[in-house]
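Q: Hey, I've just opened this one and I'm new to it. Could you walk me through it?

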Amino acid sequence: MDQRNIGITFTKEDYADYEDEASWDIITDNFAITRQERRGIYNPYEQSDYYDGNCEGPCGAEWAWGPTSEATTYMRWRDLRWNNDSGYDRHTEMYNMDFTTSLHIIEQDLYFDITWHSWTRSANGGGFSYTRMPVGWIVTSQTSGTVLSGESTDVTALFSAIDEVMGGD
């Protein structure tokens, strides 16, 4: 089944073994997200912990506050703490209230909307949960329908090839 357009909810339980791939949200062959019993999230394919690689978040990614469709400025994950419109500057509050951030995996040029559901704070196990939804370059509406045999309808589709023209894959 093609899961590119399906939201996936990931949960790392408190005190789960962060070295076990079952505690990783594996998104691509070289990008995953996990967390130790404290501190922030990181990419275990490139880092041994949050501070490894001086990325202050998952190496190989950049983040923006809000959904991808509204994102303007991408930065390191930790910098979202001081650059958001949630009214909070602590990850505990920011990631326990279903706020959405945009994740850009740089190497594959993939985008996801990440809606945060929970975040365990203060070295109490490192649990967290979110739902990630892939964001493609084709944007569709939330409505759908069926055109019966013998009937017709007009469908408008807008495509942007700017990334392809500007040097995309």
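Q: Let's start with strand β3, residues 31-35. Is it buried or exposed?
A: Buried. This is a predicted model, and in it five of the five residues of β3 are buried, so the strand is largely enclosed by the rest of the structure.

Q: Which residues sit on which side of β3?
A: Phe31, Ile33 and Arg35 are on one side, with Ala32 and Thr34 on the other.

Q: OK, what does β3 pair with?
A: One partner is strand β2, residues 25-28, which pairs with β3 in the antiparallel sense over three bridges. In that pairing, Thr28 stands opposite Phe31 of β3. β2 and β3 make a hairpin, with two residues between them.

Q: And how many bridges join β3 to β4?
A: Two, and those strands run antiparallel as well; β4 covers residues 41-42. Ile41 in β4 is the bridge partner of Arg35.

Q: What's in the turn there?
A: The hairpin of β3 and β4 has five residues between the strands, and Arg39 there takes a positive phi near 70°.

Q: So in what order do the strands of that sheet come?
A: β2-β3-β4, forming an open sheet of three strands with antiparallel pairing. β2 and β4 stand at the edges with a single partner strand each, so one side of each has no neighbour in the sheet.

Q: Switching topic: where is His104?
A: His104 is in strand β6, which spans residues 100-105. His104 is buried, with a relative accessible area of 6%.

Q: What does His104 touch?
A: Leaving out residues up to four places away in sequence, His104 touches Gly60, Ala61, Glu62, Tyr74, Asp109, Leu110 and Tyr111. Take Glu62: it is 42 residues from His104 in sequence, yet their C-alpha atoms are 5.3 Å apart in space.

Q: Which side chain makes a polar contact of 2.8 Å with His104's?
A: That of Asp109. Asp109 also sits in the turn of the hairpin that β6 and β7 form, with four residues between the strands, and has a positive phi of about 55°.

Q: How do β6 and β7 line up?
A: They pair in the antiparallel sense over six bridges. His104 stands opposite Tyr111 of β7.

Q: What about β5 and β6, how many bridges there?
A: Five, and the pairing is antiparallel too. Trp63 stands opposite Leu103 of β6 in that case.

Q: Is β6 enclosed or open?
A: Largely enclosed by the rest of the structure, because five of its six residues are buried.

Q: Which residues have the most contacts inside the largest nonpolar core?
A: They are Ile33, Ile41, Trp63, Trp77, Leu103, Trp116 and Phe128, in a core of 21 residues. The elements giving two or more residues to this core are β3, β5 (61-65), β6, β7 (110-119) and β8.

Q: Which element gives the largest share?
A: β7 does, with four residues.

Q: You mentioned β8. Where does Ser129 come in?
A: Ser129 lies in β8, which runs over residues 128-135. Ser129 is buried, with a relative accessible area of 7%.

Q: What's around Ser129?
A: Apart from neighbours within four places in sequence, Ser129 is in contact with Thr9, Phe10, Thr11, Thr115, Trp116, His117 and Ser118. With Phe10 there's a polar detail: the backbone oxygen of Phe10 lies 3.2 Å from a polar atom of the Ser129 side chain.

Q: Zooming out, how many helices and strands does the protein chain have?
A: Two helices and eight strands. From the N terminus on, the elements run β-β-β-β-β-α-β-β-β-α.

Q: How much of the protein chain is buried?
A: Buried residues make up 34% of its 169 residues. The chain exposes about 10600 Å², and carbon and sulfur atoms supply 46% of that.

Q: Last one: what share of contacts join residues at least 24 apart?
A: That comes to 41%, among contacts in the protein chain between residues at least 6 apart in sequence.

Notes
Residues numbered from 1 in each chain as written. Predicted model: local features only at pLDDT ≥ 70, side-chain atom pairs only at ≥ 80, totals over all residues. Heavy atoms only, no water. Buried < 20%, exposed > 50% of the residue type's maximum accessible area, 1.4 Å probe, protein only. Pairing = 2+ DSSP bridges. Contact = heavy atoms within 4.5 Å. Polar contact = N/O pair within 3.5 Å; in protein donor to acceptor, adjacent residues only side chain to side chain. Areas by Shrake-Rupley, 256 points an atom, 1.4 Å probe, with all protein chains shown as cover. Core = buried A, V, L, I, M, F, W, Y, C linked by side-chain atoms within 4.5 Å.
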